[in-house]
Amino acid sequence: MACCSRVPVTSIDGKLKKQILSKLTEIGNLIPGSNGFLIVSTSGVVILSSTDEFNNDQDLLRTFGRMKRASVSIANHFKETICPIIKIKGERYLYSSFEIGDHLLIFYANLTANQNFDNSSDERIINLCEDIRQLLSHKKHIGKSTNEE
């Protein structure tokens, strides 16, 4: 997984941002008690955020990147080639990370609002993450075409 962002926040226009936020809303509807969503590079660069809660905490954002790299290392030890989903469950919150191409979708859910949380929504979330990846990929392609002309 790459460690740097290819789509800086400033290059995400209103229409693309609206499309991605719509996908994040769909994910939020699947996970009751879910809170702010971030799309970040593994080095902690914020690509898109639906909250300001984590944006100013660079240490936390870098920690998510390190967590992803550590999970890949552990998966490799057990002969796994990918580790697209990471979940950390505490007493009050469930922190989740899903791969979106070269980026991570990070969010958390309040477990008091979601007592019976299970993994039944993972497949739908993975599909929505693929939709977001395609939206970001399309934007990168458009940017390259425009710059080359």
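Visitor: What stands opposite L104 in β5?
Guide: That's E99. Strands here are DSSP E runs of at least two residues, numbered from the N terminus, and helices are H or I runs of at least four. The model is predicted, so to speak of local features takes pLDDT of at least 70 and side-chain atom pairs count only at pLDDT 80 or more, while totals for chains, interfaces and linings use all residues. Numbering starts from 1 along each chain as its sequence is written, and side-chain values use heavy atoms, leaving out hydrogens and water.

Visitor: How many bridges between β4 and β5?
Guide: 8, in the antiparallel sense; strands pair if DSSP finds at least two bridges between them. The two form a hairpin with 2 residues between them, and G101 in the turn has a positive phi of about 60 degrees.

Visitor: And which residue of β5 is the bridge partner of I39?
Guide: L105. Strand β1 (residues 34-41) runs antiparallel to β5, with 6 bridges joining them.

Visitor: Switching to rings: how many aromatic pairs?
Guide: 5, counting Phe, Tyr and Trp (six-membered ring) with centres within 6.5 Å; planes under 30 degrees apart are stacked, over 60 edge-to-face, the rest tilted. Y93 and Y95 are tilted, because their planes sit at 45 degrees, with centres 6.1 Å apart.

Visitor: What about F98 and F107?
Guide: Their planes are at 10 degrees and their centres 6.1 Å apart, so that pair is stacked. F98 is buried at 1%, and F107 is buried at 3%. Together with F37 they form one aromatic cluster.

Notes
Buried means under 20% relative accessible area, exposed over 50%, partly exposed in between (1.4 Å probe, protein chains only).
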